[in-house]
Amino acid sequence: MKGNAIPAYLTQKQNVIHLVVGTALFAELFILIFKPFGSGNWVELLGVGNWEATKDWIYLGFATLVVLVAMGVITVSRTLMYKYAKQHSISYLAYAGWIMAEIVAMAVIYTLFSLYILKVGNTFFDALLDAILYTACILLIPYGIFTLYFALNDKNRQLQHTQQTPAVSMQENHLLYNFTDDKKELLLSVRQEQLYYIEAADNYVIVHYENAGKMNKSVLRVPLKQVENTFSNTNLVRCHRSYIVNFSLIKILSKTDSGLVVDFGKEAVPPIPVTKTYSAGLLQKFTAAAGQ
């Protein structure tokens with residue numbers, strides 16, 4: 001998993017639904033209040049301007065129709081993002097590009113509506129630039145609000161979970177590492193002396209541990225960064241963008257042509273690479289532990 005991946009809450013199904021519905025409501029209000037894209041003249045341009053008694057209702061109907069079409073684009077986009085995020089991580093740069101693509105797609109719809117339905121505007125390019133400006137406001141404002149709301153909810157959920165289920169606990173004089181998924185449900189508890197390393201796999205982690213003399217692994221749907229934060233004050237140490245190791249089980253820390261390598265002195269457990277970002281800290285910690 002890439003270290004710059006967006007938080008999981010941005011692609012959770014319930015949050016995606018809230019984002020789409022909330023953005024649609026905001027877009028409706030924005031069009032009704034500010035009348036962008038020259039929409040204040042829609043009713044007259046469509047030849048029904050003499051119906052004064054129902055003029056406002058007619059405008060509301062057309063505004064709603066345009067919003068529904070545009071939100072159809074957002075719904076398709078966010079559905080594809082939701083399905084893609086199940087198997088792959090999405091970087092912040094890719095997420096920003098995805099949003100920009102949504103803005104352009106909606107702007108094209110509004111531009112075509114203005115030029116070919118209402119017959120207003122000059123060139124396609126000029127009309128598109130104006131549409132991009134308005135569409136950016138329509139999308140970015142609710143996106144920003146909902147992102148802050150989702151982040152706050154996620155923090156509150158993590159706080160509640162921390163208070164209810166500690167990351168580290170004791171059982172019969174054995175230290176346990178407690179792993180939870182992105183819904184904060186307990187999935188796995190492993191004794192410290194049995195857990196060797198944790199490996200990233202897109203939006204999942206693979207926990208490698210020993211049980212009954214054999215190496216086992218469990219796949220959990222949780223980002224490696226979240227695991228790192230959860231166990232930040234324990235012997236579970238980040239050594240690579242894709243690995244966290246159990247420092248207490250390291251037997252050898254050797255230097256190769258490609259850099260430092262963690263060796264657990266166990267044939268069934270492969271050597272784990274250490275990147276330059278973490279090598280100095282890990283080496284210092286290992287040297288200090290050896291001198292005690």
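Guide: Let us begin with a definition: helices are DSSP runs of H or I with at least four residues, numbered from the N terminus. Please note also that this is a predicted model.

Visitor: How many salt bridges does the structure hold, and which parts of the chain does the pair Glu102 and Arg78 link?

Guide: There are four salt bridges in the structure. In one of them, the side chains of Glu102 and Arg78 meet at 3.0 Å, N to O. This pair links distant parts of the chain, with Glu102 in helix α4 and Arg78 in helix α3 (residues 55-87), 24 residues apart.

Visitor: Are Glu102 and Arg78 buried or exposed?

Guide: Buried means under 20% relative accessible area. Glu102 is at 2% relative accessibility and therefore counts as buried; Arg78, at 1%, counts as buried.

Visitor: Which residue does Lys266 meet in a salt bridge?

Guide: The side chain of Lys266 meets that of Glu210 at 2.9 Å, N to O. Lys266 is in the loop between β10 and β11, while Glu210 is in strand β5 (residues 204-211), 56 residues apart. Lys266 is partly exposed, at 25% relative accessibility, whereas Glu210 is buried, at 18%.

Visitor: What is the order of the strands in the open sheet of three strands?

Guide: Strands of a sheet pair through backbone hydrogen bonds, either parallel or antiparallel. In this case the order is β9-β10-β11, and the pairing is antiparallel. The edge strands, β9 (252-256) and β11 (272-274), each pair on one side only. Between β9 and strand β10 (residues 259-263) there are five bridges, and Lys255 stands opposite Leu260 in β10.

Visitor: Finally, which residues form the nonpolar patch on the surface?

Guide: The patch consists of Leu112, Tyr116, Ile117 and Phe124, which together have about 390 Å² of accessible area. Helix α4 (residues 92-117) gives the most to this patch, with three residues; Ile117 lies in that helix.

Notes. Residues are numbered from 1 along each chain as its sequence is written. This is a predicted model: local features need pLDDT of at least 70, side-chain atom pairs count only at pLDDT 80 or more; totals for chains, interfaces and linings use all residues. Side-chain values use heavy atoms; hydrogens and water are left out. Patches are made of residues with over 30% relative accessible area and no salt bridge: like charges are joined within 9 Å, nonpolar side chains (Val, Leu, Ile, Met, Phe, Trp, Tyr) within 5 Å. Accessible areas come from the Shrake-Rupley method with a 1.4 Å probe; for residues, only the protein chains shown count as cover. Helices (H or I, at least four residues) and strands (E, at least two) are DSSP runs, numbered from the N terminus. Two strands pair if DSSP finds at least two bridges between them. Buried means under 20% relative accessible area, exposed over 50%, partly exposed in between (1.4 Å probe, protein chains only).
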